[in-house]
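Student: Hey, I've got a protein model to go through and I'm new at this. Can you walk me through it?

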Amino acid sequence: MTGSTIFALSSGRGRAGIAVWRVSGPLAGPIVQSISGVLPSPRTARLRTFRDETGLVMDQGLVLWFPGPHSETGEDLAEFHGHGGRALMLSMTRAFQHLGAVPAGPGDFTRRAVLTGKLDLTQAEALLDLVNADTEHQRQRALAQAGGALAALVGAWRQRLVRAMGHLEALIDFPDEEIPPAVEAGLTDAVTSL
């Protein structure tokens, strides 16, 4: 981990009724306190007034606090749910940067989740597939993969290969021993089926 604190508009660019900003990293808690005045209880949405560094009111919205390691990124993470006007988006961006956060690049939140062990690579890839899904079938497949279906399948294959390697090593290391013929036949069947 870089130790930096990142932020991004998670709800997408452009005017909207609601905009959601996410902040992840060691400064997430102090940023919440500075902008909303108080750190809410973990995983509890609280209505707060958002203020910039001069105390000027920017908006009123919801704040959520997810202390690490029990967050999506494994780090301290906060969400600000406000209105989706362009001026507010610029004000929030300036406030986050003034408080030491840097704009997140594409995939930065997911990268941090992988690095902290919250997601494996197959799950991270599935999130992109879920965002890009155009059909119901694509959505269902991506959701299953995000839930660990592919990782479980590959993990089962790995276990079968490790077991087959153990049997093969026994055949090589102990050629003079009486190893039942079923072990060699089982090895061949296991490798063939994989």
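Student: Which residues does M92 touch, leaving out those up to four places away in sequence?
Tutor: M92 touches W21, F50, M58 and F80. A contact here means heavy atoms within 4.5 Å.

Student: Okay, and what should I know about the model itself?
Tutor: It's a predicted model, where local features need pLDDT of at least 70 and side-chain atom pairs count only at pLDDT 80 or more, while totals for chains, interfaces and linings use all residues. Residues are numbered from 1 along each chain as its sequence is written, and side-chain values use heavy atoms, with hydrogens and water left out.

Student: Got it. Which residues have the most contacts inside the largest nonpolar core?
Tutor: Those are W21, I35, F80, M92 and F96, in a core of 21 residues. A nonpolar core is a set of buried Ala, Val, Leu, Ile, Met, Phe, Trp, Tyr and Cys residues joined through side-chain atoms within 4.5 Å. Buried means under 20% relative accessible area, exposed is over 50%, and partly exposed is in between (1.4 Å probe, protein chains only).

Student: Where does the largest share of this core come from?
Tutor: From α2, which gives five residues. Helices (H or I, at least four residues) and strands (E, at least two) are DSSP runs, numbered from the N terminus.

Student: New topic: how many aromatic pairs are there?
Tutor: Three. Rings of Phe, Tyr and Trp (its six-membered ring) pair if their centres lie within 6.5 Å; planes under 30 degrees apart are stacked, over 60 edge-to-face, and the rest tilted. F7 and F96 make a tilted pair, 5.1 Å centre to centre with 45° between the planes. F7 sits in strand β1 and F96 in helix α2, 89 residues apart.

Student: Is F7 buried or exposed?
Tutor: F7 is buried, at 5% relative accessibility. F96 is buried too, at 0%.

Student: And why is the F50 and F80 pair called edge-to-face?
Tutor: Because the ring planes are at 80°, with the centres 5.5 Å apart. F50 lies in strand β3 and F80 in strand β5, so the pair ties together parts that are 30 residues apart in sequence. Ring pairs link F7, F50, F80 and F96 into a cluster.
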